[in-house]
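Let's take a walk through this one together, ring by ring and loop by loop. Have the sequence and the 3D view open as you read.

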Amino acid sequence: YSVCVDDFHGACEGARYLLDLGHRHLAYFEYHRPDMPSLIHDRFIGFKKALDEEQIAFPEEWRIAVNLYSMDELTQALYNLFQPKESPTAIFAHDDFLAARIVVALKNMCLRIPEDVSLIAPGDTLDYDQPYIPQITTMRINNELMGKLAGEMILERLKTQEGELHGLKVNQQLVERGSCRRITREV
């Protein structure tokens, strides 16, 4: 019995949102999480599926893994990404914790969100009511619903003590906070 978030679908929908806004050059940022290889895999494969469905080329060097706690490494990776003539118009970050760090690094590089680059991330775990938290468009994980469904499953299981195994995946919901913009042409 399980209730979990559908990370594949959430990443796919987040990438589709960027594609619907006209972005065709997307970068993908993740960080090392040896404790959760399926999460890393599901989010990237979901992201990539959206691009594949639209036949959008994705350069492998635009999938960038960084040490979450090294701002120097993140800044260098972003600097390298934005040096070539063709750079991304949007970044899909593994989660909003990494996205908040990307916001700081881009600001230090004098790149503006969303004017110069759009940014989206799954998670919605930061406290966006706080004035020091950057406003990032996210794919919200509905923890309240997941808890409610898990509780109902447990109660049902205690009543029946038998039955089929059940696994539920909860979809993520887009929360627009202004970190993504529509583009009419590729820059």
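What follows covers the aromatic rings, then a few backbone details in the loops.

Keep in mind that this is a predicted model. Start with the aromatics: the count comes to 7 aromatic pairs. One of them is Y28 with F44, an edge-to-face pair at 5.1 Å centre to centre, with 75 degrees between the planes. Y28 sits in strand β2 (residues 26-31) and F44 in helix α2, 16 residues apart, so this pair links distant parts of the chain. Both Y28 and F44 are buried.

Next look at F47 and F92, which make a tilted pair: 5.4 Å centre to centre and 50 degrees between the planes. F47 belongs to helix α2 and F92 to strand β4 (residues 90-93), so the pair ties together parts that are 45 residues apart in sequence. F47 is buried, at a relative accessible area of 0%, and F92 also counts as buried at 0%.

Now for the loops. Between α2 (37-53) and β3 (63-66) you'll come across Q55, a non-glycine with a positive phi of about 55 degrees. Q55 is exposed, with a relative accessible area of 74%.

C110 is exposed at 65% relative accessible area. P114 lies in the loop between α4 (96-108) and β5 (118-123), and a cis peptide bond joins I113 to P114, with omega about 5 degrees.

Definitions and conventions:
Residues numbered from 1 in each chain as written. Predicted model: local features only at pLDDT ≥ 70, side-chain atom pairs only at ≥ 80, totals over all residues. Heavy atoms only, no water. Helix = DSSP H or I, 4+ residues; strand = E, 2+ residues; numbered from the N terminus. Buried < 20%, exposed > 50% of the residue type's maximum accessible area, 1.4 Å probe, protein only. Phe/Tyr/Trp six-rings, centres within 6.5 Å; stacked < 30°, edge-to-face > 60°.
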